[in-house]
Amino acid sequence: MINISQQDREILKRLAEKKAGIAALPVQKERKKLWTRLNRLEPVKPMVWLNEVPWNEIDSDELKLRTSSDFCRSIEKTLRRELYQWEHMQGDMVVEPEILSPLAISDSGFGITEDVDAIKLDPSSYVQSRHFKIQIRDEADIPKIKDPVITHDAARSEEAYRALSEIFAGILPVRKTGLRGLWFAPWDELIRWTGVEEALTDMALRPEYVHALVSRLLGAYQKMLDQYEALGLLSLNNKNVRIGSGAYGYSDELPRDGFDPALVRTSDLWGCATAQIFSEVSPEMHWEFALQYEVRWMERFGLNYYGCCEPLHNKLGILERVPRLRKISVSTWMNVSKAVSEAGGKYVFSLKPNPACLAEDTWRPDLARAELETKLAAMQGCPVEIIMKDISTFRYDPKRLWEWAKIAMDTTGKYS
């Protein structure tokens, strides 16, 4: 039974009223149209979004939680962060007029979790250095990877939905929300169990073992996705939902023909994949040990995103094999000129500026502006979204990020 005090109700209502006012602004519709056109590869200004903010470094009364229960504090935290970002570092963010009520979904996992030694320099930060202990060494260990079992506590989902609907009645509608896409990075999982150097070496020395390992994990992921789809636990992600390591998924190409709101299909969604440890692996080996398996995942989705931190300028040829690929990551380490010459206009370029500019002893806004100017000039005429992410620190000075957002909006305005 979810018991909510009157004081907690009033706190959440006040925050929701602020959100409702912002969501009703005409700029929201304007930005939705721009994001939708961008994702159709139409010529619009480069769009700006900020993500992965080190909230632990922001000491602000705007973010102070005042509700008492864990249930309310979770909702309050989401609302306060959304309002804070709108107030100080918008970029081209969109605020939707709704409150999400996540379904009570449980995932049994892959039967194996990372065994790790971790070190943090800042106890309040999520950023840490990790040393993974090897748990899979050869074919005999592959069966340790199990098929996940997905379950849904419908009664719990309904209870939460009714509680939120009562709180926000007359202010904002509440929408039940299942899985809105899935981060598919099998090699991010595998290196936690096998070791990074060991995995890369095994591709050359024990290729059959590596193929068996990747195939097993892909099979487990597919079984998991089958369950989400069959149980009706998927929700659309063609709105202000992060796609892959990029920005929003606004699209009028999704959902696909034959869509049934009661049973969302994978084909109605954006999909994504990435193989970040393959940065220095040849295109041939990238295809053999990663992309050919990732394609079997992405072929299930209506549109796709590829990449994260790995530079892809030498992999553009093999990326043409990805079905319905619409966005690719342009990380800090990517050769932008080569990407433009080989793939300009084919995809949305998901540009990731270097967040290190925010972490220096002295904030140098001119350096941040110069990076954006240089890369946007090289990509002029291409569909581009700019995502400031992977922000480990801004040295407890959030105004650096506020100023970066203003610089980005000013700079992108020159390339409309």
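Which residues are buried in H1? In helix H1, the buried residues are Asp8, Arg9, Ile11, Leu12, Leu15, Ala16, Lys19, Ala20, Ile22 and Ala23. Buried means under 20% relative accessible area, exposed over 50%, and partly exposed in between, with a 1.4 Å probe and protein chains only. The structure is a predicted model, in which local features need pLDDT of at least 70 and side-chain atom pairs count only at pLDDT 80 or more, while totals for chains, interfaces and linings use all residues. Residues are numbered from 1 along each chain as its sequence is written, and side-chain values use heavy atoms, with hydrogens and water left out.

Helices (H or I, at least four residues) and strands (E, at least two) are DSSP runs, numbered from the N terminus. H1 has 18 residues and reaches 25 Å from its first C-alpha to its last, close to the 26 Å expected at 1.5 Å a residue. The expected span of a helix is 1.5 Å times one less than its number of residues. The cover over the buried residues of H1 includes helix H2 (26–39), H3 and H4, where contact means heavy atoms within 4.5 Å.

Helix H4 (residues 154–167) has 14 residues, which should span 20 Å at 1.5 Å a residue, and its end C-alpha atoms are 20 Å apart, in agreement. Ser157, Ala160, Ala163, Leu164 and Ile167 are buried in H4. Seen down the axis of H4, these buried residues fall within an arc of 135°, so they line one face of the helix; the arc is that of the directions from the helix axis to the C-beta atoms. On the face turned away from the buried side of H4 are the exposed residues Ala155, Arg162 and Glu166. Among the elements covering the buried residues of H4 are helix H1 (6–23), helix H3 (70–88), strand S2 (99–102), strand S6 (150–152) and strand S7 (174–177).

Pockets were also computed. A pocket, on a 1 Å grid over the protein atoms alone, is an open set of points where a 1.4 Å probe fits, with protein on both sides within 12 Å along at least five of seven lines; lining residues have an atom within 4 Å of a point. Grid points are joined across faces, edges and corners, and a volume is the space filled by probe spheres set on the points. The largest pocket has a volume of about 1300 Å³. Its lining has 37 residues, of which Thr78, Glu82, Leu100, Arg180 and Asn240 are the closest to its centre. H3 gives the largest share of this lining, 10 residues. The lining divides into 19 nonpolar, 7 polar and 11 charged residues. Ala, Val, Leu, Ile, Met, Phe, Trp, Tyr, Cys and Pro count as nonpolar, Asp, Glu, Lys and Arg as charged, and the others, Gly among them, as polar.

The second largest pocket has a volume of about 1000 Å³. Of its 30 lining residues, Arg130, Asp188, Arg192, Gln276 and Asp390 lie nearest its centre. The largest share of this lining, 4 residues, comes from H5.

Some backbone features lie in loops. The peptide bond from Leu254 to Pro255 is cis, with omega near -5°, and Pro255 is placed in the loop between helix H7 (207–230) and S8. Arg395 has a positive phi of about 60° although it is not a glycine, and Arg395 is found in the loop between strand S12 (384–388) and helix H12 (399–412). Arg395 is partly exposed, with a relative accessible area of 41%.
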